Amino acid sequence: MKILVCISHVPDTTSKINFNADNTQFDTNGVQFVINPNDEFGLTRALWLKEKQGAAVHVVSVGGPETEPTLRKALAIGADEAIRVDQPATDGYSVAQALAPVVNEGQYDLVIAGRESIDYNGGMVPGMLAKLCGYAFVNTCIGLEIEGQSATAVREIDGGKQTLKMSLPLVIGGQKGLVEESDLRIPNMRGIMQARTKPLNVKPGAGAGPKSEVQSFQKPAPKEAVTLAENAEQLISLLHNEAKVI
Amino acid sequence: MPILVYAESDQGAFKKGAQELISFARGIAEKMNTEVIAAVTEDPAQANLGQYGAHRVLYCNHPALKEFNAELTANALAQAAKETGATLVLVSSSADSRYLAPLLAIELDAPYLPNITGLPTSTEPLTFPHNVFTNKATAFTALHGSIGVLGLSKNAFGVQHHPDDAGVSNMDLDLPGSSWEITSTEKANNKVMIADAEVVVSAGRGLKGPENWGMIEELAELMGAATACSKPVSDLGWRPHSEHVGQTGKPVAANLYIAVGISGAIQHLAGINSSKVKVVINTDPEAPFFKAADYGIVGDAFEVVPDLIQKLKDFKAQNA
């Protein structure tokens with residue numbers, strides 16, 4: 001089985017978000033970049049499948065050379081090979097378009113992409129990629145079993161979950177639940193050493209360009225100080241009379 | 001060049017999310033001098049969708065659409081968009097909408113912009129404000145091409161009332177078979193879902209242990225609220241994963257978010273930031289959450305929450 005795990009290079013969850021002087025670009029100064037959290041669950045799940053039933057696990061990311069340390073980290077965690085599509089990751093549409101030829105050329109049975117990345121929150125790459133490649137698709141995937149050419153996937157829905165069955169090839173939009181937080185694989189010394197010599201292939205950018213463009217950014221207005229109530233009764237009065245939420 | 005709206009229903013009821021989405025579409029339509037068409041998959045006869053701003057309703061009456069399937073619904077909406085010559089197709093922030101929207105966007109070869117928070121700031125090119133960096137900032141993004149798919153953030157616009165009647169027409173559809181099959185669905189039917197909730201009562205490590213959650217559940221039930229928790233509490237197994245809200249959990253965009261015994265780490269705040277009113281109950285006056293809150297009580301949750309429950313009961317009795 002061949003598995004492709006799509007990873008995004010994103011600012012870590014504790015990052016303060018700032019923009020350049022004219023508010024047209026994200027300010028990367030002092031920002032630590034990591035593998036997008038949703039993608040990490042997918043990568044560990046792929047490695048479980050590799051260990052349990054034998055599979056090649058490749059990772060791919062769309063971006064410039066600055067994203068290579070993040071790809072190397074995925075190799076250190078246990079992926080066999082990395083691919084970087086050399087193209088700026090502008091909108092979700094163009095990222096999906098850049099990934100589709102990688103999926104088609106590699107003829108992957110399973111593609112795992114994080115359901116949503118914490119930077120632009122588009123949540124669209126997994127679904128768009130599935131549609132472009134003609135693969136089945138399950139979003140908000142919190143469970144996956146593969147048996148031969150059949151897959152059973154569990155999807156998180158508002159207020160519960162749903163089980164779906166389909167044939168491979170399949171794309172899933174993964175998140176926590178594919179594996180538990182405590183099961184996430186982290187790179188060990190041996191992994192880090194091996195990652196240096198595992199293949200990291202750079203492919204040229206491909207597919208249609210972006211269909212949307214950020215014009216500017218805005219940070220939220222500074223918050224007013226909290227209104228402290230002395231007791232529950234006062235709080236209820238404020239919520240009813242002032243905030244009008246109860 | 002009308003605006004098509006996917007108005008979701010559940011057993012014939014068009015919930016607040018659908019009403020808000022239609023109202024939002026009407027707001028855009030007025031700026032672009034065009035009309036709103038609500039596309040539905042269940043009988044809209046009782047719903048009177050005109051009252052939220054729809055000019056007309058298109059009933060996609062096909063047996064395969066009665067149980068939600070993202071692939072087939074995307075296909076149906078693409079057909080409806082082409083037939084009506086729509087410039088925009090609007091979806092909500094529900095799990096179903098987020099599942100179908102990328103498929104729909106590729107069918108139409110269109111951009112998809114989710115998490116929109118307001119009306120367009122420009123119509124040439126069409127530019128919308130939307131949440132990015134998990135609610136830590138707003139981006140203004142222009143769409144290119146002749147058609148776009150938009151996702152509205154929950155509670156970003158509100159429901160608006162119009163004195164209109166919207167005529168209903170049926171749309172004939174041919175649909176292919178689906179690439180997947182739903183074999184089972186499990187839903188907690190009597191609980192309020194975080195995705196729908198107007199009020200969310202959330203608690204964290206300050207509660208000290210899972211055995212203390214009774215008062216949280218009681219407060220939530222009294223307020224008709226959903227229960228939620230912080231990431232550490234979910235990781236410790238004190239509460240189910242489905243309750244974890246925050247940057248890597250579920251987003252919360254409720255009218256009222258009450259946080260008990262949660263310190264307010266950046267990741268938690270990012271996820272709940274779209275909530276209109278935030279209330280914090282914490283024993284530590286230096287807790288970062290107080291800087292992000294609208295109202296708060298500095299005090300011991302084990303005293304404040306039972307008192308709040310009692311006073312709320314009194315309040316409800318007086319205002320009944």
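This is a predicted model: local features need pLDDT of at least 70, side-chain atom pairs count only at pLDDT 80 or more; totals for chains, interfaces and linings use all residues.
1. Chain A by itself. Start with the secondary structure: chain A contains six helices and 13 strands. Its C-alpha trace spans about 60 × 45 × 40 Å along the principal axes. Of the 246 residues in chain A, 49% are buried.

2. Contacts within chain A. Consider the contacts between residues at least 6 apart in sequence; 71% of these join residues at least 24 apart. When you trace the chain in the viewer, look for such pairs, which are separated in sequence but in contact in the model.

3. Where chain A touches chain B. On chain A, 60 residues are in contact with 67 residues of chain B. Several elements of chain A each supply at least two residues to this side. The helices among them are α3 (92-106), α4 (125-133) and α6. The strands among them are β7 (136-147), β8 (150-157), β9 (160-167), β12 (212-218) and β13 (227-228). By class, the side of chain A that touches chain B has 26 nonpolar, 20 polar and 14 charged residues.

4. A helix pair across the two chains. Helix α6 of chain A (residues 232-242) meets helix α8 of chain B (residues 301-318). Their axes come within 8 Å and cross at roughly 55°. An angle of that kind is neither roughly parallel, which needs under 35 degrees, nor roughly perpendicular, which needs 65 to 115; α6(A) and α8(B) are therefore oblique to each other. The crossing of α6(A) past α8(B) is right-handed.

5. Residues in that helix contact. From α6(A) come Ala232(A), Glu233(A), Leu235(A) and Ile236(A). From α8(B) come Val304(B), Asp307(B), Leu308(B), Lys311(B), Leu312(B) and Phe315(B). Sorted by class, the residues of this contact are seven nonpolar, no polar and three charged.

6. Domains of chain B. How many residues of domain 1 of chain B are in contact with domain 2 of chain B? Seven residues of domain 1 are in contact with eight residues of domain 2. The side of domain 1 of chain B that touches domain 2 has no nonpolar, five polar and two charged residues.

Methods: Residues are numbered from 1 along each chain as its sequence is written. Chains are lettered from A and ligands numbered from 1 in the order in which they are written. Helices (H or I, at least four residues) and strands (E, at least two) are DSSP runs, numbered from the N terminus. A residue is buried if 20 or more other C-beta atoms lie within 10 Å of its own, exposed if 12 or fewer, and partly exposed in between; C-beta atoms are placed from the backbone. Two residues are in contact if their C-beta atoms, placed from the backbone, lie within 7 Å. Axes are lines fitted to C-alpha atoms, for helices over the stretch in contact, and angles run from 0 to 180 degrees between N-to-C directions. Angles under 35 degrees count as roughly parallel, over 145 as roughly antiparallel, 65 to 115 as roughly perpendicular and the rest as oblique. A crossing is left-handed if the near helix is turned anticlockwise from the far one by less than a right angle, and right-handed if clockwise. Ala, Val, Leu, Ile, Met, Phe, Trp, Tyr, Cys and Pro count as nonpolar, Asp, Glu, Lys and Arg as charged, and the others, Gly among them, as polar.
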